[in-house]
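Biologist: I would like to go through this structure with you, one part at a time. Could you begin with a helix and work outward from there?

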Amino acid sequence: MGIIVPLFQSSAVARNRLRRRLREILRRDVLPFHQLPPIDVVIRATRATYAAPFAALRAELTEAARRIA
């Protein structure tokens, strides 16, 4: 699994925070409950992802995992 967080003129702190949030959602909410097939998953954040609330990120990633499984 890979997480791509582009610069978008954000600070290193903002990029690392976003990366940690996405990784935590995947670890806690997606991987234990969804039986994903053995594939490589790459998550690419967009500019709007920096301002998205945690609940919205969780809902979107969970929905994407449900569609894959």
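This is a predicted model: local features need pLDDT of at least 70, side-chain atom pairs count only at pLDDT 80 or more; totals for chains, interfaces and linings use all residues.

Biologist: Which residues of α2 are buried?

Modeller: L57, L61 and A65 are the buried residues of α2. Seen down the helix axis, they fall within an arc of 60°, so they line one face of α2. The arc is that of the directions from the helix axis to the C-beta atoms.

Biologist: And what covers them?

Modeller: The cover over the buried residues of α2 includes α1 (12-30) and β2. Contact here means heavy atoms within 4.5 Å.

Biologist: What span should α2 have, and what does the model give?

Modeller: The 15 residues of α2 should span 21 Å at 1.5 Å a residue, and its end C-alpha atoms are 21 Å apart, which agrees. The expected span is 1.5 Å times one less than the number of residues in the helix.

Biologist: Now α1, please. Which of its residues are buried?

Modeller: R15, L18, R21, L22, I25, L26, D29 and V30 are buried in α1. Viewed down the axis of α1, these buried residues fall within an arc of 130°, so they line one face of the helix. The face turned away from that buried side carries the exposed residues V13 and R27. Elements including β1, β2 and α2 cover the buried residues of α1.

Biologist: Which residues touch the most other members in the largest nonpolar core?

Modeller: They are L18, L22, V30, L57 and L61, in a core of 13 residues. The elements that give two or more residues to this core are α1 and α2, and α1 gives the most, with 5 residues. A nonpolar core is a set of buried Ala, Val, Leu, Ile, Met, Phe, Trp, Tyr and Cys residues joined through side-chain atoms within 4.5 Å.

Biologist: Why would one look for such a grouping?

Modeller: In soluble globular proteins, nonpolar side chains tend to be buried together.

Biologist: What does L18 touch?

Modeller: Not counting residues up to four places away in sequence, L18 touches V5, A45, T49, Y50 and L57.

Biologist: T49 is on that list. Where is T49 placed?

Modeller: T49 is in the loop between β2 (42-44) and α2 (54-68). With a relative accessible area of 12%, T49 is buried. A polar atom of its side chain lies 3.0 Å from the backbone nitrogen of T46. Beyond neighbours within four places in sequence, T49 is in contact with L18 and L57.

Biologist: A different loop, then. What is phi for F8?

Modeller: Phi of F8 is near 50°, a positive value in a residue other than glycine. F8 lies in the loop between β1 and α1 and counts as partly exposed, at 26% relative accessibility. Q9, in the loop between β1 and α1, has a positive phi of about 55° although it is not a glycine. Q9 is exposed, with a relative accessible area of 83%.

Biologist: Finally, what pattern does the protein follow along the sequence?

Modeller: The pattern is β-α-β-α. The radius of gyration is 12 Å, close to the 11 Å that the globule rule gives for 69 residues, so the protein is as compact as a globular protein of that length. That radius is taken over C-alpha atoms, and the rule is 2.2 Å times the number of residues to the power 0.38.

Terms used:
Residues are numbered from 1 along each chain as its sequence is written. Side-chain values use heavy atoms; hydrogens and water are left out. Helices (H or I, at least four residues) and strands (E, at least two) are DSSP runs, numbered from the N terminus. Buried means under 20% relative accessible area, exposed over 50%, partly exposed in between (1.4 Å probe, protein chains only). A polar contact is a pair of N or O atoms within 3.5 Å; within protein, one must be able to donate a hydrogen and the other to accept it, and residues adjacent in sequence count only if both atoms are side-chain atoms.
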